[in-house]
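Biologist: I would like to learn how to read a few features of a model. Could you take me through them one by one?

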Amino acid sequence: MIRKVAIIGTGYIGCFPTSPHLSYKEMMFEAACRAYTDAGIDPRKDADGFVCVSEDFHEGTSIFDEYVPDQIGAYMKPVHTIAGDGIQGLIAAFLKIQTGLMNIVVVEAHSKASNMMFPEHITSLALDPIFNRPVLRNAYSIAAMEMRRYIYERKIPLEALAKVVIKNKLNALKNPSSAYPAYVDADEILAAERCFDPLSSWDIASYADGAFVVIVASEEVARNLKVKPVWIKGVGWCTETPSLETRDWVNATYAERAAEMAYRMAGIKNPAKEIDFAEVDDSFSYKELQHMEAIGLCRKGEAGYLVMEGETGIDGRIPVNPSGGSLGVGNLMDATGLMRIVEAVGQLRREAGRRQVEKAETAVVQSWRGIPTTTGAVVVLGI
Amino acid sequence: MRRVAIVGAGMTKFIRRAQETGKELSFEAANMALNSCELTIKDIDCIVMGTAPDAFDGVHMKGEYLADGAGAWRKPYMRSFVGGGTGVFAVIQGWYHVASGLFDTCLVVCEEKMSSCQPHPQGAFLTIFDNIIERPLGPNLLWIFALEMNRYMSVYKIPKEEIALVAVKNKRNAKDHPCALLGEDITVEDVLKSEVLAWPVQRLDVSPISDGAAAVVLASEDRARRITDKPVWIDGVGWCLDTTYWTNRDLAYPRYVEAAAIMAYKMAGITDPRREIHIAEPYDPFDYKELHHMEGLLLCDKGEAPKLTAKGVTSRDGELPVCPSGGLLGVGNPIAAAGLMKVCEIFWQLREEAGARQVTRKVRTGVAQAWGDLMQVGTVVVLRR
Amino acid sequence: MKMIKYGGIALKERDFKEGRVIVFRDAPKAKYLWDCGVAISRFLKGLKEGKIIGRRCFRCSRVMVPPRMFCEVCFRGTDEWVELSDTGRVNTYSICYVTWDMIRIKEPQIPAVIEIDGASRGMGILHLISGVKPEEVHIGMKVRAHWKREEERTGSIRDILYFEPI
Amino acid sequence: MGIIEKINRNNDIVFWKGEIPVEFLYTAGVAGERFYRELRDSGKIVGSKCSSCRSIYLPPRIYCERCFTETDEFVETETPGEVYTYCIIKYDNEGNRMEREEIYAFVRFPGVTGGLIHRLGEISPEEVNIGMKVEPLFKENRVGHIDDIIYFKPYREK
């Protein structure tokens with residue numbers, strides 16, 4: 001009884017370290033114009049619903065959904081905010097199409113991270129205010145502690161994490177939309193100060209600005225358009241627990257559960273074999289490895305080897321983050337998931353240029369909401 | 001389309017300053033909702049959270065923070081908001097989770113802890129205005145209500161006395177609500193004599209700032225029938241967001257509420273809402289809003305709602321009981337939780353479980369509605385026994 | 001039938017003042033430097049010059065204020081800048097006796113939506129009214145912007161001190 | 001569709017400064033109140049126990065997040081605890097180098113689900129290791145705050 005649902009258009013602007021020439025509204029409008037042109041639809045006539053993805057403290061505005069409808073063509077239409085990740089927004093659109101109530105739903109997410117004067121303070125504001133926030137003077141300490149335990153249990157050498165950074169920044173050099181591309185070598189990375197020991201600044205994805213719009217449609221609609229549809233074959237999402245003290249510090253359980261759900265829906269039994277390439281969260285270098293294991297691209301403990309052997313490069317056996325990921329493109333906060341979706345759609349349509357992976361028929365895209373959360377989402381896409 | 005029912009409901013008391021954390025309030029409401037239909041968290045497939053600005057509770061990404069209190073441990077969990085419309089929208093979000101066919105049950109939780117915000121929750125409200133061209137004027141939330149109320153009164157020539165009747169009715173209704181913060185007997189005189197905050201808005205026109213949570217359990221048709229013999233069906237849902245540029249609109253009439261209502265009525269097969277809707281819980285953070293929303297919900301002509309109130313049509317023993325719960329004016333206004341409280345009330349009324357608040361006439365179809373943002377969003381659900 | 005227990009333990013202001021309840025405090029550094037973008041940068045520049053600037057859409061012919069680079073009705077880019085008058089009519093107003101943090105003020109503020117002359121019908125902005133007795137303000141009243149002195153203007157909505165009756 | 005005119009000179013770029021001007025006052029909650037009272041009044045670290053799965057939560061809570069039922073018993077935690085993971089922080093949230101680097105650790109206790117995240121003291125960063133035993137050092141004048149524990153320090157058997 002599941003309806004087939006396709007992504008029929010994507011549009012974006014970015015990603016930039018800063019973007020002073022456009023307001024967030026103007027950025028959203030540009031991304032939306034590109035998406036509607038891509039899909040060949042008129043939002044005022046054709047779109048049934050809209051989802052925007054945002055968090056108040058990222059914007060500096062309370063109940064940010066107020067400032068969304070006009071510039072994405074959603075004025076006087078059903079719109080709502082998902083305070084989550086871009087992929088959760090995409091899933092909300094997917095669900096609405098599944099009900100049969102709607103046929104075309106538009107998802108928008110953006111980042112104006114450069115407008116926050118103290119982004120780390122904002123991250124700290126997400127910590128439990130009575131047990132954790134008064135103790136921790138830097139929010140990155142959570143990632144640092146998690147990294148320590150993860151590499152301890154999996155016996156991952158720091159070289160493997162450096163390799164993740166090298167690979168993603170190199171992929172980003174082939175991606176014209178990346179904010180932090182670079183050609184770097186392992187010595188440079190390993191020599192850096194561990195400012196949040198064991199994290200060095202190389203391990204942390206820097207913030208970037210950008211806006212992304214993805215248009216989702218039912219099969220009937222998708223088949224009648226000129227565009228080549230990319231099918232949403234499975235979706236999953238999960239929150240483990242907000243409590244730092246009771247969560248799993250080694251395995252990304254949220255991603256495991258989300259992937260199980262998405263694979264079940266997509267009929268995927270052996271992801272390591274059936275998935276052609278993956279976009280997984282790499283807000284921190286170790287997260288890429290942890291997430292690869294969680295979504296079953298390899299067995300637990302193997303991710304480090306895969307990376308060291310170059311298997312996750314664009315030409316490798318299982319390319320991971322051909323876009324350049326957050327380390328190369330930039331950390332787009334709530335929009336990160338949609339950036340990955342846009343990349344995967346581009347790859348599946350074989351429009352990815354120099355970073356095109358050879359076999360691109362089935363992709364998995366995974367997102368994480370960042371510290372201090374344990375929320376993640378997974379989407380399986382295919383042609 | 002897959003039919004979805006509400007099978008259980010729960011809420012906390014609405015209070016000015018709660019000792020409980022937001023997580024604990026969420027747990028209390030969610031636990032009561034589960035107990036009310038004798039389910040445990042193992043029976044729940046997914047969780048939906050509705051909670052409005054993070055600046056109330058004082059936690060960034062507060063949806064994430066509240067997750068364990070809402071029972072989301074290792075489950076699919078998603079938070080949405082549409083400002084003040086969130087409480088009713090959360091039910092719509094839960095509806096599409098179950099109606100999609102992906103899940104059979106969904107726990108919907110709404111929470112707001114406004115007392116955390118200092119020196120006054122108005123600090124959070126200040127930041128709902130445009131960051132560059134409105135906030136520098138030092139606006140407060142009362143302004144938008146006062147501006148809208150004045151426009152409504154002027155266009156339809158409604159005297160303040162008629163509007164005050166809503167506050168009198170709702171605060172009286174709230175006396176029978178075990179969770180109410182401000183259930184009391186007041187008179188129109190009291191309202192008119194109360195402190196002027198932002199004319200035409202006076203102290204007793206306004207709902208109180210509160211802490212609280214509410215929750216409902218949703219189930220697919222098969223499951224619902226196994227859980228209870230009194231499921232309440234979500235037969236229509238609608239929502240609509242008007243332009244951000246609120247100073248470009250005529251505030252006299254909430255056309256976005258009308259659009260949301262039409263969407264919900266169409267889905268529910270309602271062609272004559274005045275005849276087919278038996279009971280309503282429109283959003284009443286201020287007394288005139290109840291009237292405004294009755295008109296937007298097409299329950300009466302534009303500018304006519306005050307007359308219905310004056311005639312007693314909207315009282316508990318009237319033909320169209322409106323806000324029998326006591327509404328936000330009487331029960332309290334922890335924003336998202338208050339919206340969901342309205343859905344809970346219709347649920348209890350349709351099941352004839354509202355106790356002292358049970359309306360006189362037999363009711364089979366009810367509507368709950370919330371409103372929010374910059375006088376911009378309408379969220380509507382139609383419920384049926 | 002199960003016993004219904006409603007959660008929620010009510011504390012009083014006193015409990016906080018007298019330290020009878022354990023509390024934690026925090027003041028977030030939620031500070032921002034927002035990009036004004038094309039439309040609002042131009043609007044603010046106009047204010048500095050003592051002008052209210054709008055934007056026209058050629059398809060629906062509306063002249064919009066505050067200006068934006070997109071027309072929400074037609075969903076297309078707007079086409080040209082329009083210099084509007086600094087006069088208008090009161091669409092609605094209030095007489096407010098409290099500040100945003102709920103401190104009572106003696107001299108009430110009069111916030112209003114003012115439909116700007118030269119923009120399309122109903123196109124207003126939020127501002128304050130002054131130079132008039134509160135009881136004399138009425139819907140439909142003609143008003144004019146009272147600007148700050150030129151050398152004091154910074155490119156802000158507050159370059160207009162208030163609107164006053166003509 | 002599209003923006004017809006853009007800013008193409010840096011001269012025309014304008015920023016606007018603002019903030020969300022709020023402060024927060026958090027109650028410790030029902031379980032938190034109990035935790036901090038015990039800490040303040042008797043120097044005890046208490047957790048709460050779920051009667052159905054028997055997990056002991058630290059920090060305590062009024063509900064079991066797994067069973068989603070009320071926890072009904074507060075129990076004292078036994079020290080020493082054990083460092084499960086740790087980090088060394090050299091910069092604060094604004095990127096300023098801190099006057100003294102701080103070591104944070106997640107400390108777990110025997111038989112407890114959870115633990116406490118706190119500072120480590122009386123030890124240099126190089127000496128810390130996963131699995132080491134640590135015990136809390138309490139302040140003398142306690143007020144009911146997480147800082148009533150000054151830090152956790154290496155455990156020495158008495």
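Biologist: How many of the 12 residues of H2(C) are buried?

Modeller: First, the ground rules. This is a predicted model, in which local features need pLDDT of at least 70, side-chain atom pairs count only at pLDDT 80 or more, and totals for chains, interfaces and linings use all residues. Residues are numbered from 1 along each chain as its sequence is written, chains are lettered from A and ligands numbered from 1 in the order in which they are written, and side-chain values use heavy atoms, with hydrogens and water left out. Helices (H or I, at least four residues) and strands (E, at least two) are DSSP runs, numbered from the N terminus. Buried means under 20% relative accessible area, exposed over 50%, and partly exposed in between (1.4 Å probe, protein chains only). For H2(C), 9 of the 12 residues are buried. Among them are C:Val38, C:Ile40, C:Phe43 and C:Leu47.

Biologist: What span does H2(C) reach from its first C-alpha to its last?

Modeller: The expected span of a helix is 1.5 Å times one less than its number of residues. H2(C), residues 37-48, reaches 16 Å, close to the 16 Å expected. After H2(C) comes C:Gly50, with a positive phi near 80°.

Biologist: Which span should H7(A) have, and what covers its buried residues?

Modeller: Helix H7 of chain A has 16 residues (158-173) and should span 22 Å; its end C-alpha atoms are 23 Å apart, so the two agree. Its buried residues include A:Leu161, A:Val165, A:Ile166 and A:Lys169. The cover includes helices H6 (140-154), H8 (186-190), H12 (285-294), H13 (303-308) and H14 (325-329) of chain A.

Biologist: How is a pair of packed helices described?

Modeller: By the angle between the two axes and the distance between them. Axes here are lines fitted to C-alpha atoms, for helices over the stretch in contact, and angles run from 0 to 180 degrees between N-to-C directions. In chain B, the axes of helix H4 (residues 86-99) and helix H15 (residues 335-350) come within 6 Å and cross at roughly 60°. H4(B) is therefore oblique to H15(B); angles under 35 degrees count as roughly parallel, over 145 as roughly antiparallel, 65 to 115 as roughly perpendicular and the rest as oblique. Contact means heavy atoms within 4.5 Å, and the residues making it include B:Val88 and B:Val91 of H4(B) with B:Leu340 and B:Val343 of H15(B).

Biologist: Where does A:Met76 lie, and what is its phi?

Modeller: A:Met76 is in the loop between helix H3 (56-59) and strand S3 (79-82) of chain A. Its phi is positive, about 60°, although A:Met76 is not a glycine. A:Met76 counts as partly exposed because its relative accessibility is 24%.

Biologist: How is the size of an interface often given?

Modeller: As the accessible area lost when the parts come together. Buried area is that loss (1.4 Å probe) for two parts put together, summed over both. Between chain B and chain C it is about 4400 Å², with 64% from carbon and sulfur atoms. On the chain B side, B:Arg17, B:Ile133 and B:Leu137 lose the most area to chain C, together 15% of what that side buries. In this interface, 49 residues of chain B are in contact with 50 residues of chain C.
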